[in-house]
Amino acid sequence: MSSLPPTKLPSAPSTVRVDAWLWAIRAYKTRSAATAACRAGHVRINGNPAKASQSLVPGDTVRVRQPGYERILEVRRLIAKRVGAEAASHCFTDHTPPRPVAPALGLPQRDRGTGRPTKKDRREMERLRGPG
């Protein structure tokens with residue numbers, strides 16, 4: 001992976017709050033959302049629950065619980081300002097395992113252009129879907 005020229009990334013600060021870093025690398029859309037995630041216990045640094053004001057250092061492992069999965073990020077560089085997605089990707093290493101693919105449901109597929117399902121077809125689809 002090539003590194004970006006120094007003009008693309010701001011100079012690295014000596015310390016950065018965890019909520020500001022998560023916002024800057026685009027893990028959360030807003031800094032207040034990152035702060036709320038820290039308060040709710042969804043963020044861990046090196047296995048310990050993190051407060052929003054906790055400082056990060058390069059080499060820390062940050063676990064971020066998001067709906068449906070958990071991201072595991074290793075801090076490579078500290079940034080406090082939000083930058084583009086490509087530049088932000090150079091500030092962390094993603095160790096998140098791939099998410100399992102949802103199994104395809106056994107619903108019947110109709111050929112394209114055959115029109116609406118008949119009443120018999122609809123009953124078969126409802127029977128396969130089950131109560132719900």
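Two strands are taken to pair if DSSP finds at least two bridges between them, and helices (H or I, at least four residues) and strands (E, at least two) are DSSP runs, numbered from the N terminus. The model described here is predicted, so that local features need pLDDT of at least 70 and side-chain atom pairs count only at pLDDT 80 or more, while totals for chains, interfaces and linings use all residues. Residues are numbered from 1 along each chain as its sequence is written, and side-chain values use heavy atoms, with hydrogens and water left out.

The chain contains four helices and seven strands, and these follow one another along the sequence in the pattern β-α-α-β-β-β-β-β-α-β-α. Of the 132 residues in the chain, 28% are buried, where buried means under 20% relative accessible area, exposed means over 50%, and partly exposed lies in between (1.4 Å probe, protein chains only). The accessible surface of the chain comes to about 9,300 Å², and carbon and sulfur atoms account for 52% of this surface; such areas come from the Shrake-Rupley method with a 1.4 Å probe, and for residues only the protein chains shown count as cover. Among the contacts with a separation of 6 or more, 46% are made by residues 24 or more positions apart, a contact being defined by heavy atoms within 4.5 Å.

Five of the strands form an open sheet in the order S3-S2-S5-S6-S7, with antiparallel pairing. The edges are taken by S3 and strand S7 (92-94), each of which has a single partner strand, so one side of each is left without a neighbour in the sheet. Strands of a sheet pair through backbone hydrogen bonds, either parallel or antiparallel. Within this sheet, S2 and strand S5 (residues 61-66) run antiparallel and are joined by three bridges, and Arg44 stands opposite Arg63 in S5.

When residues up to four places away in sequence are not counted, Leu22 touches Ala27, Tyr28, Ala34, Val43, Val62 and Val64.

A polar atom of the Gln66 side chain lies 3.0 Å from the backbone oxygen of Ala27, and Gln66 is in contact with Ala27, Tyr28 and Arg71 once neighbours within four places in sequence are left aside.

The structure holds zero disulfides, a disulfide being a pair of cysteine sulfur atoms within 2.5 Å. Cys38 is buried at 6% relative accessibility, and Cys91 is buried with a relative accessible area of 0%.

Several positive phi values were also found in the backbone. Most residues other than glycine have a negative phi. Arg26, although it is not a glycine, has a positive phi of about 75 degrees; this residue is found in the loop between helix H1 (18-24) and helix H2 (31-39) and is partly exposed, with a relative accessible area of 38%. Asn46, also a residue other than glycine, has a positive phi near 50 degrees, is found in the loop between strand S2 (43-45) and strand S3 (48-49), and is partly exposed, with a relative accessible area of 44%. Helix H4 (residues 119-129) has one buried residue among its eleven, so it lies largely in the open, and H4 is followed by Gly130, whose phi is positive, near 85 degrees.

Terms used:
A polar contact is a pair of N or O atoms within 3.5 Å; within protein, one must be able to donate a hydrogen and the other to accept it, and residues adjacent in sequence count only if both atoms are side-chain atoms.
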